[in-house]
Amino acid sequence: MSDPRSPHAKSRDTPSWGFYQRDNFWKVNDGQTPLFNTHPDELERLAKEKLSQNGWLYASSNAGISATHLANRQAFYRHKIVPRQLVDTNERSTRTTIFGHTVSAPFGFAPIGINKIYHPQGELPVAKVAGELGIPYCLSTAGSSSIEAVAEAHDAGRASKLDPAKVPDGPRFFQLYMPHDEELTLSLLQRAHDSGFTACMLTTDTWQLGWRHDDVATSNYAFYRGIGADMGMTDPVFQKRLAEQGIDPAKQPTEAAAFWIDNVWHGRAFSWEKAVWARKKWQQISSGKPFLIKGIQHVADAEKAADLGFEGIVVSNHAGRQVDGAIASLDALENIVGKVGDRLIITYDSGIRGAADMIKALSLGAKFVFIGRLWIWGLSIMGEHGVRHVTKGLLADLDILMCVAGIQKVADCTKYLLDSQPKAYGLITARSKL
């Protein structure tokens with residue numbers, strides 16, 4: 001097992017995350033047990049037991065018949081890691097950089113909205129854990145806490161790091177669902193900058209929600225029940241809009257929340273010109289901080305983003321929640337990297353369930369990956385403690401995998417680490433756990 005007396009632990013530039021495995025093995029000797037099983041299937045099962053029907057359905061629903069969600073998982077299975085032996089990984093490093101910021105590992109928290117349907121404290125415990133572990137945190141415009149409160153929670157996490165010398169201050173990103181109200185958009189961007197958010201990503205695949213059968217069948221839309229609109233309710237421009245409409249959020253919380261989200265997921269698409277406008281305004285406000293496009297799947301769109309000067313993209317199909325029958329996000333990544341991998345920062349999102357998936361995405365050319373449902377399950381199961389347990393488990397999984405697969409540093413993850421098979425997926429007619 002991991003020897004806590006190893007002299008190499010002192011020389012590493014991050015904590016020996018793999019010791020978290022030892023900690024959990026040792027708990028029985030102290031009359032304790034691990035918090036819960038972090039296998040993705042078990043996380044889903046436990047979260048389903050904890051959540052209300054509405055919470056569970058919103059977290060688990062996909063577009064259409066879930067074909068894209070399934071394709072995301074299938075794509076990972078055609079790539080196999082080929083471990084190298086007798087490589088000195090004793091002082092391996094999980095550290096990397098993203099837009100000039102040093103981070104503990106090459107993954108961060110993806111932007112997911114309405115966290116209060118998973119836990120009463122919403123986004124705050126997630127941001128705190130991210131700050132504590134030096135993992136980038138991304139706040140969604142559909143978040144159910146104010147921008148300022150999330151920033152405070154993230155800073156509190158940074159201040160409580162167990163080993164400040166080895167855990168960097170992970171950055172925080174703001175994900176923008178851009179309203180058609182330009183004054184409101186500028187207010188959100190200004191608030192994000194004033195609260196210390198260091199990059200902005202515009203999501204372009206969710207002008208409105210995809211058709212998700214279970215959510216529609218149960219009228220499952222938290223905002224239309226007056227839940228989760230705190231970001232809008234705390235915005236001075238939106239407060240002005242409410243007054244103009246004669247809506248009192250204290251007396252009409254459902255109407256106020258509906259008015260907010262109908263400004264965010266408004267069903268009216270933007271063009272590239274508007275994305276360029278948003279980037280220009282963000283960079284004016286932030287003095288040139290990076291701006292990414294999230295939702296890129298087509299090579300031509302990746303090339304367009306590079307041509308227009310965007311600093312980065314997130315290759316993502318929204319975890320299969322928007323376009324049913326779409327290309328697997330990992331397949332899209334492989335197509336895109338070969339065309340624009342040297343022109344902008346390519347990050348990845350959709351379908352990652354563990355360290356092996358991270359390594360595969362990085363080896364295919366992503367510089368960084370975002371994790372979504374795993375930490376949502378942890379939040380649902382046990383709040384802050386659940387998010388921390390899941391995240392430390394992912395860090396340990398990555399650290400141990402690098403040890404036993406002969407990977408000294410994140411930059412060693414290249415296509416030569418993989419044995420990749422052709423894109424030939426069989427038709428799967430029955431749902432199966434992958």
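Biologist: Which residues line the second largest cavity?

Modeller: In this predicted model, the lining of that cavity consists of Tyr177, Met178, Thr203, Thr206, Trp207, Val264 and His266. The space inside is about 30 Å³.

Biologist: What makes the space a cavity and not a pocket?

Modeller: The test is escape. In a cavity a 1.4 Å probe fits but cannot get out, whereas a pocket is an open set. Rolling a probe the size of a water molecule over the atoms shows where empty space is left.

Biologist: How does the lining of the second largest cavity divide by class?

Modeller: Four residues are nonpolar, three are polar and none is charged. Tyr, Met, Trp and Val count as nonpolar, while Asp, Glu, Lys and Arg are the charged ones.

Biologist: How many cavities of 30 Å³ or more are there?

Modeller: The count is two. The largest cavity holds about 400 Å³ of space. Its lining has 29 residues, and Pro111, Ile112, His318, Ala319 and Arg321 are the closest to its centre.

Biologist: Which elements each supply at least two residues of the lining of the largest cavity, and what classes does that lining have?

Modeller: Helix H4 (53-60), strand E11 (368-371) and H17 each do. By class, that lining has 16 nonpolar, seven polar and six charged residues.

Biologist: What is the volume of the second largest pocket, and what lines it?

Modeller: The volume is about 420 Å³. The lining has 20 residues, with Thr38, His39, Gly393, Leu394 and Asp397 nearest the centre. Helix H17 (373-405) gives the most to this pocket's lining, with eight residues. Helix H2 (19-26) and helix H3 (40-50) each supply at least two. The lining of this pocket has ten nonpolar, eight polar and two charged residues.

Biologist: Which residues in H2 meet which in H17?

Modeller: From H2 come Tyr20, Gln21 and Asn24, and from H17 come His389, Lys392, Gly393, Ala396 and Ile400. By class, this contact has three nonpolar, four polar and one charged residues.

Biologist: How do you know that H16 is largely enclosed by the rest of the structure?

Modeller: Count the buried residues. Buried means under 20% relative accessible area. Eight of the nine residues of helix H16 (residues 355-363) are buried, so the helix is largely enclosed. Among them are Asp357 and Lys360, along with Met358, Ile359 and Leu362. Just after H16, Gly365 takes a positive phi of about 120 degrees.

Biologist: Where does Leu333 lie, and why is Leu333 called buried?

Modeller: Leu333 is in helix H15 (residues 329-340). Its relative accessible area is 0%, so Leu333 is buried by the under-20% rule. Leaving aside neighbours within four places in sequence, Leu333 is in contact with Val315, Ile346, Tyr348, Ala361, Leu364 and Ala366. Leu333 and Leu364 are 31 residues apart in sequence, and 7.2 Å apart in space from C-alpha to C-alpha.

Biologist: Why does Leu57 count as buried?

Modeller: Leu57 has 11% relative accessibility, and the limit is under 20%. Leu57 therefore counts as buried. It lies in helix H4. Not counting residues up to four places away in sequence, Leu57 touches Asp214, Asp215, Thr218 and Asn220. Leu57 and Arg212 are 155 residues apart in sequence but 9.3 Å apart in space, C-alpha to C-alpha.

Biologist: Ser66 and Ser219 next. What is phi of Ser66, and what is phi of Ser219?

Modeller: Phi of Ser66 is near 70 degrees, a positive value in a residue other than glycine. Phi of Ser219 is near 50 degrees, again positive in a residue other than glycine. Ser66 sits in the loop between H4 and helix H5 (67-77). Ser219 is in the loop between helix H9 (213-217) and helix H10 (230-233).

Biologist: Is Ser66 buried or exposed, and is Ser219 buried or exposed?

Modeller: Ser66 has a relative accessible area of 11%, so Ser66 is buried. Ser219 has 55%, and exposed means over 50%. Ser219 is therefore exposed.

Key:
Residues numbered from 1 in each chain as written. Predicted model: local features only at pLDDT ≥ 70, side-chain atom pairs only at ≥ 80, totals over all residues. Heavy atoms only, no water. 1 Å grid on protein atoms, 1.4 Å probe; cavity = no way out; pocket = protein on both sides within 12 Å on 5 of 7 lines; lining within 4 Å. Points joined across faces, edges and corners; volume = space filled by probe spheres on them. Helix = DSSP H or I, 4+ residues; strand = E, 2+ residues; numbered from the N terminus. Buried < 20%, exposed > 50% of the residue type's maximum accessible area, 1.4 Å probe, protein only. Contact = heavy atoms within 4.5 Å.
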